[in-house]
Amino acid sequence: MHPAYSVILFTTASGAGYGLLALLGLGAALDVEFPQTYWFPLVALGLALGLITVGLLSSTFHLGHPERAWRAFSQWRSSWLSREGVAAVATYIPAGLFGLMWLGDWDGTMTWQSLGVLSAIGAAVTVWCTGMIYGSLTTIRQWNHPLVTPVYMVLAVSTGASLFCPLMAAFGAVQPWHIVMAAGAMGGAILMKCVYWWSIDREPRVLTIEAATGLGRRGVVRQLEAPHTQENFVQREMGYSIGRKHAKKLRAVCLVGGFGLATSLQALALLAQGPLQTGLLAASIAPAAVGVIVERWLFFAQAQHVVTLFYGKHFA
Amino acid sequence: MGKAVKIETSPKTWDDIKHTTCYMCACRCGIKVYLKDGTVTYIEGNRDHPVNGGVLCGKGSAGIMQHYSPARLRSPLLRVGPRGSGEFRELEWEEALRLATTWLAQTRNEDPKKLAFFTGRDQSQSLTGFWAIQYGTPNYAAHGGFCSVNMAAAGLYTIGGSFWEFGEPDWENTKYFMLFGVAEEHSSNPLKKQLGKLKERGAKIVSINPVRSGYSAIADEWLGIRPGTDGLFVAALIHELLKSGNVDLDYLQRYANASWLVIDDPEGDEHGLFARDGEDNPLSFDKISQSLKSALLPDIAPALVGEFTLEDGRKAVPAFQLLSQRFLDEGYAPDAVSEHIGISAETVKRIAAELAHTAFKEEISLDIAWTDWAGRTHEKTTGRPVSMHAMRGISAHSNGFHTCRMIHILQVLLGTIDCPGGFRYKPPYPKQTPPWLKPSGKRSGNRLAEPLGGPHLGFPTGPEDLLVNPSGSAQRIDKAFSWEAPLAAHGLMHMVINNAAKADPYPIDVLFLYMANMAWNSSMNVSATLKNLTGTHPDTGEYVIPKVIYSDAYYSETVPYADLILPDTTYLERWDCISMLDRPISEPDSASDAIRHPVVQPDREVRPFQDVLIELGARLGLPEFSNDDGTPTYPGGYPDYLVNHERKPGVGPLTGYRGEDGQSYGVGAPNPEQLDRYIENGCFYQHHLRDEQRFYKHANRDYNDWAVEMGHRMLGDQIIFQLYLEPLQKFRLAAQGKGPDVVPHEHRQRVETYFDPLPIWHMPLEEELAGGEDYPLHAVTQRPMAMYHSWGSQNAWLRQIHGRNWVYVNAGRGEELGIADGDWIWITSAHGKVKAQAKLMDGVNRDTIWTWNAIGKRPGAWNLDPEAPEATKGFLLNHVISELLPERGGYRFSNSDPITGQAAWYDLRVRIEKAAPEEQGKTYPSFEPQKRAAGLRRPPEDVAFKGDKPGGGV
Amino acid sequence: MTSLPTAEERSGKKLGLVIDLDTCVGCHACAVSCKEWNTQGYSAPLTDVDAYGSDPLGAWLNRIHTYEVATVDDMPNRTVHFPRSCLHCEEPACVTVCPTGASYKRAEDGIVLVNPDTCIGCKLCSWACPYGAREYDPSHGVMKKCTLCVDRIYNEHLEPEARQPACVLACPAGARHYGDLGDPDSAVSKLVAQRDGYDLLPQSGYKPVNKYLPPRPRRTGVEDGAAAEPKVLEPIAKGDGSLSDRFFAWADQVLTR
């Protein structure tokens, strides 16, 4: 699949935003000691909602008719994309109220906590829907996989936590368990991603050009002529592929230089204190971002659509 | 849950529908053109039309994009820069016509032969030829010389008809259909339609073709033959059939010259000619009376074998005996030929067995009574349901004439000509064999302007019919009907520019071309052609070809090389005529002709070429185009000519709705409303034959009487299949020094070798001279079904399907040569090299590479982006095909069939090798981009056609 | 509404195409005719980007592939032309993934359509379709697809025999058939039954309505009783002497005209 930057930006930014929102909401419900300044909700919730909003806006960039985007809320009964839109917009309501109450010194109240929980649920549902947009597509083996949506979830949490910890640290309120949670989530993401990659690499590739064309009982099929001599929309959109070697390198970048480095920095931060700790936690944001962007890019680039079989690929 | 969305299911996106005839290729299908506010919105097939019956190919449906192409020329142009520069100035028509008239008049007054007038895929040859007759130049022909003249000529000499426009299989009844060397161009919709029906009926289809594309792909059996060896394959089939006694002796002695006695007198002047009686009738030996009798008598039992003594004591043997001896030779046995043709002996033998089985065990009989030439009525019409079709893959070889003859003779031996299930003639065919029409234009000395005595193109039956000087040198600029190409029935358009540039046989003043892309894909050896067009005299600096006038509707590669451009209209903006005087659109059971009429008016300063030609004729004062008082004969232009011109009394370009009341068919006074009647009838007229006229047309009294009545034939005699082609022997005798005709030294051996009155197979000439180890592969082209020649590349839709071409290499052979899919490779012939990207495939003969024809474009031509894939990745094989053969005996012959002069571009031999890494990615040779000519607009970036006129750019 | 019509809502009519891979010669007539009709039909226009440039990219609703199928057992290597367009699936995922309801399946005849006025151009439907049937028109920002010529098949301004999809009318070889595949007695259903018509990618679960007729086995003998026929012709045996003597003796049978 063609890795469109707008979609990569959307899913990674909004993922981190929803992760951060969920942590803030859950934190509220669990009586986490947040810094006692309105700067914290302003910055933290602002960042979460900002990332979400930037992501959602960027997702409209790849639409042919962004001005009709509102129509996407109508088909929640069948469409994960519609559900995602509904959930995303709906989440603004508890999240907004949650923020306003926090800024208005109503934090700590039951209502505030409930709104936190609702925001977290909204965030989780939205990210789940995002994951399911891909996970439900049976046309792409690498996406139609049970780990796809969980990975979306855990990456949202871990990238959100990678923002949550340095924010808390900057306000002097970070607790070691926060960092353990962040590193743990990132570690979980690494683990799940490894399992996922291991799995899609080993899964039998049952769909073949012979099966797709139905000519298999007559022997091995190869495409002699594509319909047109220049590539068409389907080939450009669905026909993107990268070499095995290249993918392997990028996976390493994602795991080691991205998530691995971020977790390591977070682990180091556990041992440090004060500005150093804050610095280490802040430094982990960059590799986490690199990791998730590379992960998302690979998620597209390594996804092979069934239609490529008609265009001459032997397996999908 | 389905919510009903209200949509318009009965939109009317048109306000008018007009019928006309397609011209996106040469098939001449009937089309319906939908119009809205004068814009063409949709084109579909006409269900009532005899050619296509409603279907339409991709080209036909893309006609809109051709019609609105940004490559359309917009006004007459006069060259202002050097030739090839593309620098032009726009002219008013009056100025352009005045200039053309001045040039043409001057040449005509000095020496009319110094005009070379050649038209390409011209469907108005009965007009253009007639104009050239009136002008008085012998130098006229269309593109047949590099198309399929071998197929046409071999058929006309042998059976009085051929494939495509001349005849076709009896699709309704045939059970076994063989397709030789047919890519997807000629007769494309009818063939596709009928192949579909054959499949439905379960008739067997065998395709003999080095490449398995298109029709070959759906054939029951594909025989991937080595190019140029089809003759050997057919000869082996004939060998098997003769050997086993599976030939139709009855049919042969009735309808062929099988029993005609051939003089066996090796030392004599008449050796190999037919023995004739005092009335010039050929003789047979009648086994009933045990005497020599005229072979043309109906009630004899002529011997097909034996040796007989003529009255003068010379020996003679029946032609059939000679034919049998030729093909019973073990050299033509399947086991002897199989390795060479690339088909197993077992397969050849099986195909022969299948032919014999179908012809003789599955005979069909229709309840149709018919009367033969001798007045004998046959209660039933019987047929041998084997049929064949062959085209350019056979004809574009230097051995093509003989191979084509062999295919026709195979049909004759099986008794399948014009019978149910066999090959069937389309009116006005068959015609007399050998044809009676002789080439006109023979001159002694330079006579001044006066019309020729008859048509330029004809069918010589002996050296006396050639257009040569007493020394034996050629009189035509293309050397047609000279010793170089004696039976050049369609001329040699491919030699004109080369000969003119060398002033061989003489220089010319004006080269006048219509609708032929001679500076690109219609010429062999493009670079030399461009050099010839731009060559100058060293002393004067004048161009060797002083004036070039060209008419084309589009900005082709040839436009920049002309001096004066007379821009033509698109096919939807003009009158045209598919005339019975030329090659009409008949079907076996009906005679049909057709017209085009302007369904839209041009929005540019362009004029239909035929109108322009008629006007030039008038301005030049040509007889038949101008009256005695100097006024034009046809002031109304081409439509006026179509209605009012009479070739002989009552016979004009169109056969339908003649007579003052419009009720006559074929012969009748001009009817001023004729064209209106055609338009009302869907732009064609179909005359159905009566049942008793439908079959055995070569020997059918009712059909032949009708043909005479219609003026299609001079006499209603039986048409006799020429197994043994005596005219060839006449040329051979002359080459042996027998008779009065001087055969120039360099031609003697060649004529003696190839002018065999019986079909022979010989190695293609290029293979003989430049084959072998150095050039181990054949290279051929085919034309894709969705693209026709170069016209298609300007077409926004068709160029998406074929925007570039690849060179296809047999997968096994490619692997051996270390060539992988996608590699750029060099293709090298004895003449030059071209670089192309390779694709490996299984469906191609091991010794053959091939590509789609005419996809490669010169950068900037056809108003395309100079970086268009057509120019950067597309290529032409023409660059490595020479118009001349390698030197032999101090002379370079034309790269053509020695008999007809058919361009032998399928003879090409090459070697291939992988290009170096730094050479990948782009084709070679590359040419300077063609500048956008004056008046042409920059094409729009996007086309979003929705029934409005596409954006014209700036 | 992108939820599919329920069983009760569906009329039982399943309009679609049957494509004969045994007869298709790969001429692209159907594809161009489709382009020509539909560029001004329901889906107007089908834009061609960079139409005369170096990288033309047009929206087409029907495309023809060519495959080579390698030798297997006694079946020779062969070339198959393969037209591909929307299959008007009974359970099309391209419809259910659509977030706006622009994509829908008609209850009355099963045709799958995109409403060009409500499509937001998110392209998700093209991702959901395993058959590559949907093509995005970048200059108009909406998805285009085969409409089964819904604006022809019911068009009262056309003669009854012209009320068929443009591709079917154009196909010179007769390799395309149109009809109601929901009616077991329809000509197309019978053809499918008789020729073992098949679904593309049945494992997708989308239940394509369009069917493909497989290439027939190739025959290397004549039709009836081919096996019994001699594979080689026997030389003339009657008579004495060499083959040519025997042949001439045979050819000398008395025949009157």
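Two residues are in contact here if their C-beta atoms, placed from the backbone, lie within 7 Å. The structure is a predicted model, in which local features need pLDDT of at least 70 and side-chain atom pairs count only at pLDDT 80 or more, while totals for chains, interfaces and linings use all residues. Residues are numbered from 1 along each chain as its sequence is written, and chains are lettered from A and ligands numbered from 1 in the order in which they are written.

The contact between chains A and B takes four residues from chain A and seven residues from chain B. On the side of chain B that touches chain A there are three nonpolar, three polar and one charged residues. In this classification Ala, Val, Leu, Ile, Met, Phe, Trp, Tyr, Cys and Pro are nonpolar, Asp, Glu, Lys and Arg are charged, and the others, Gly among them, are polar.

Chain B also meets chain C, and this contact takes 99 residues from chain B and 85 residues from chain C. The element that gives the most to the side of chain B is H12(B), with eight residues. That side divides into 43 nonpolar, 28 polar and 28 charged residues. Helices (H or I, at least four residues) and strands (E, at least two) are DSSP runs numbered from the N terminus.

H12(B) also packs within its own chain. Helix H8 (residues 230-243) of chain B and helix H12 (residues 345-361) of chain B have axes that come within 9 Å and cross at roughly 60 degrees. Axes are lines fitted to C-alpha atoms, for helices over the stretch in contact, and angles run from 0 to 180 degrees between N-to-C directions. Angles under 35 degrees count as roughly parallel, over 145 as roughly antiparallel, 65 to 115 as roughly perpendicular and the rest as oblique; H8(B) and H12(B) are therefore oblique to each other. From H8(B), the contact includes B:Phe233 and B:Leu237, and from H12(B) it includes B:Ile351 and B:Leu355. By class, this contact has nine nonpolar, no polar and two charged residues.

Helix H1 (residues 5-29) of chain A and helix H5 (residues 148-170) of chain A have axes 7 Å apart and pack at an angle of about 70 degrees, which makes H1(A) roughly perpendicular to H5(A). Among the residues in the contact are A:Gly15 and A:Gly19 of H1(A) and A:Gly160 and A:Phe164 of H5(A). The contact has twelve nonpolar, four polar and no charged residues.

The strands of chain B come next. Strand E23 (residues 510-514) of chain B has five of its five residues buried, where buried means 20 or more other C-beta atoms within 10 Å of a residue's own, exposed 12 or fewer, and partly exposed in between. On one side of E23(B) are B:Val510, B:Phe512 and B:Tyr514, and on the other B:Leu511 and B:Leu513. In a regular strand the side chains alternate between the two faces of the sheet. Strand E6 (residues 115-119) of chain B runs parallel to E23(B) and is joined to E23(B) by five bridges, with B:Leu115 partnered by B:Val510. Strand E24 (residues 547-551) of chain B also pairs with E23(B) in the parallel sense over five bridges; here B:Phe512 has B:Ile549 as its bridge partner. Two strands pair if DSSP finds at least two bridges between them.

An open sheet of three strands in chain B has the order E1-E2-E3, with antiparallel pairing. Strand E1 (16-21) and strand E3 (39-45) stand at the edges, each with a single partner strand, so one side of each is left without a neighbour in the sheet.
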